[in-house]
Amino acid sequence: MSDAAHAHDDHSHGHPSGIMRWLTTTNHKDIGSMYLWFALIMLFSAGTMALLIRAELFQPGMQLTNPDFFNQLTTMHGLIMIFGAIMPAFSGFANWQVPLMIGAPDMAFPRMNNWAFWLLPVAALMLMASFLLPGGAVAGGWTMYPPLFIQGGISYDLTILAVHIMGLSSIMGSINIATTILNMRAPGLTLMKMPLFVWTWLITAYLLIATMPVLAGAVTMLLTDRNFGTHFFNAAGGGDPVMFQHIFWFFGHPEVYILILPAFGIVSQIIPTFARKPLFGYASMVYATASIAILSFTVWAHHMFAVGMPVAAQLFFMFSTMLIAVPTGVKIFNWVATMWKGSLTFETPMLFAIAFVCLFTIGGFSGLVLAIAPVDIQLQDTYYVVAHFHYVLVSGALFSIFAGIYYWLPKWTGHMYSETLGKWHFWLSVIGMNILFFPMHFLGLAGMPRRIPDYALQFTEFNQLATVGAFIFGFSQLIFLVLVLKTIKGGDKATDRVWEGAEGLEWTLPSPAPYHTFETAPVVR
């Protein structure tokens with residue numbers, strides 16, 4: 001059939017084109033691409049807010065902002081990065097790769113897939129619009145703690161609604177992914193033969209389905225406290241603000257693993273490819289991922305050591321938090337063992353994956369420090385905590401997203417990206433990120449509180465260092481943008497086996513066998 005005949009055929013069946021194609025598409029690849037573009041736009045929006053925050057903190061005193069606007073920036077930066085950048089980016093990977101990796105023709109519920117995506121830009125616009133409302137955006141922190149959150153203006157209601165819509169999108173996407181993985185695998189692809197990326201998303205989907213309704217409950221109670229005279233969290237009416245923290249963190253801690261488990265999956269695909277070895281300890285990786293997911297529901301109050309909880313509760317949450325480090329350590333050991341004596345090459349995806357393993361481990365160790373209740377009470381709400389979670393979520397989640405995009409971009413576009421630009425992006429990002437976040441450990445240990453736009457003179461040097469790092473890190477993302485646009489436009493054609501090594505490597509070394517490509521069902525031997 002000629003191209004012209006194809007075009008005529010498409011037209012006669014009324015296939016939409018232009019903007020309608022994207023609004024109505026049910027194709028998992030289209031939807032995956034839209035998630036990734038949306039995440040990139042949100043990354044630059046929230047990143048700009050972060051640069052404003054760092055510019056304000058370059059020296060003591062008030063320079064660019066007022067305290068209220070500064071706190072609006074910190075709140076929005078957090079909400080948009082989590083719900084607008086990291087989670088949608090991983091959803092983009094899931095939409096693109098899960099059907100291909102399990103030999104499914106598409107997702108289980110294609111129309112729901114489309115709806116789950118299009119809720120996101122609506123919610124994002126609502127969040128952003130709150131800057132323009134009387135009183136400005138929310139200044140109460142991304143955690144939305146009462147009593148601060150009970151007092152604010154209408155932007156607080158808008159934020160609650162936006163969080164609801166984003167949660168709805170996550171739940172629909174997760175039901176879709178879990179159903180697809182459980183029901184649409186190619187014949188012979190048993191659960192313990194699935195690529196690890198698919199496993200991590202199956203477990204992440206269950207976490208999202210379990211925790212998002214908890215967040216919805218918490219913010220609904222806030223909404224009724226604000227507008228309908230209830231007193232769930234209002235101490236004046238017999239409510240308890242600390243109850244909000246319990247409910248919020250019962251969602252919030254599994255959420256942290258929702259933001260990192262897909263990253264583990266991506267890295268577990270990339271390291272075996274460039275080490276030219278199957279993944280070490282496949283089964284233990286699956287069990288470790290499941291253990292992390294289950295244990296994540298037992299650690300929530302380690303965010304709350306400073307609220308005056310009983311010593312028995314402090315001990316329980318301290319030990320359960322230390323326990324969750326064990327399966328994470330198993331994973332790090334397995335990645336290192338996979339690289340051990342492999343014939344490694346250092347293309348951009350592998351560089352980001354190795355940086356992930358090294359820097360995520362630093363974030364893990366500072367997490368163990370914060371797990372110790374008496375230490376945490378000292379470091380609560382200082383820059384040490386900021387350093388900890390940015391090592392986990394920037395060098396963890398974000399670097400793995402970069403790694404995955406470099407790894408699969410030739411597959412997605414048919415073109416090879418510029419390795420030179422990729423390496424520039426990598427080195428500037430890694431150097432900038434460490435200059436930005438490493439000094440924050442010292443600021444926190446010295447007692448500098450977070451979410452404060454002004455600070456005492458003794459903190460100046462480390463803050464200036466961090467701000468310089470922020471601008472290096474922030475502007476190096478423009479290289480990434482240029483690289484992606486260049487790759488989509490053209491460049492060398494990607495071969496069938498992009499990452500082919502001396503051993504005749506496939507797209508991914510399946511771990512364990514059977515050998516399979518993405519486009520066809522696995523051969524059952």
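This is a predicted model: local features need pLDDT of at least 70, side-chain atom pairs count only at pLDDT 80 or more; totals for chains, interfaces and linings use all residues.
**Entry on D240**

I began with D240 and looked up its place in the chain. D240 sits in the loop that runs between α8 (196-227) and α9 (241-258).

Next I listed what D240 touches. With neighbours within four places in sequence left aside, I found contacts to F232, F233 and N234. I also checked the side chain of D240, which reaches the backbone nitrogen of V242 at 2.9 Å. Last, I looked up a C-alpha separation: D240 and P147 are 93 residues apart along the chain, and their C-alpha atoms are separated by 9.6 Å.

**Entry on T348**

I looked for T348 and found it in helix α13. Its relative accessible area is 0%, so I noted T348 as buried. Which residues is T348 in contact with, leaving aside its neighbours within four places in sequence? I wrote down Y406, Y417, E419, G422 and K423.

**Entry on α12 and α13**

I stayed with α13 (residues 348-371) and looked at how it lies against α12 (residues 311-339). The two axes come within 10 Å and cross at roughly 160°. That angle is over 145 degrees, so I recorded α12 as roughly antiparallel to α13. The crossing of α12 past α13 is left-handed.

I then listed the residues that make the contact. From α12 they are M318, T321, M322, A325, T328, I332, W335, V336 and M339. From α13 they are M350, I354, F356, V357, F360, T361, L368 and A371. Sorted by class, this contact has 14 nonpolar residues, 3 polar ones and no charged ones.

**Entry on α10 and α15**

I turned to helix α10 (residues 261-275) and helix α15 (residues 383-413). Their axes are 9 Å apart, and the helices pack at an angle of about 50°. How are α10 and α15 oriented to each other? I noted them as oblique. α10 passes α15 in a left-handed crossing.

For the contact, I listed A263, I266, V267, Q269, I270, T273 and F274 on the α10 side. On the α15 side I listed G396, A397, S400, A403, G404, Y407 and W408.

How values were computed:
Residues are numbered from 1 along each chain as its sequence is written. Side-chain values use heavy atoms; hydrogens and water are left out. Helices (H or I, at least four residues) and strands (E, at least two) are DSSP runs, numbered from the N terminus. Contact means heavy atoms within 4.5 Å. A polar contact is a pair of N or O atoms within 3.5 Å; within protein, one must be able to donate a hydrogen and the other to accept it, and residues adjacent in sequence count only if both atoms are side-chain atoms. Axes are lines fitted to C-alpha atoms, for helices over the stretch in contact, and angles run from 0 to 180 degrees between N-to-C directions. Angles under 35 degrees count as roughly parallel, over 145 as roughly antiparallel, 65 to 115 as roughly perpendicular and the rest as oblique. A crossing is left-handed if the near helix is turned anticlockwise from the far one by less than a right angle, and right-handed if clockwise. Ala, Val, Leu, Ile, Met, Phe, Trp, Tyr, Cys and Pro count as nonpolar, Asp, Glu, Lys and Arg as charged, and the others, Gly among them, as polar. Buried means under 20% relative accessible area, exposed over 50%, partly exposed in between (1.4 Å probe, protein chains only).
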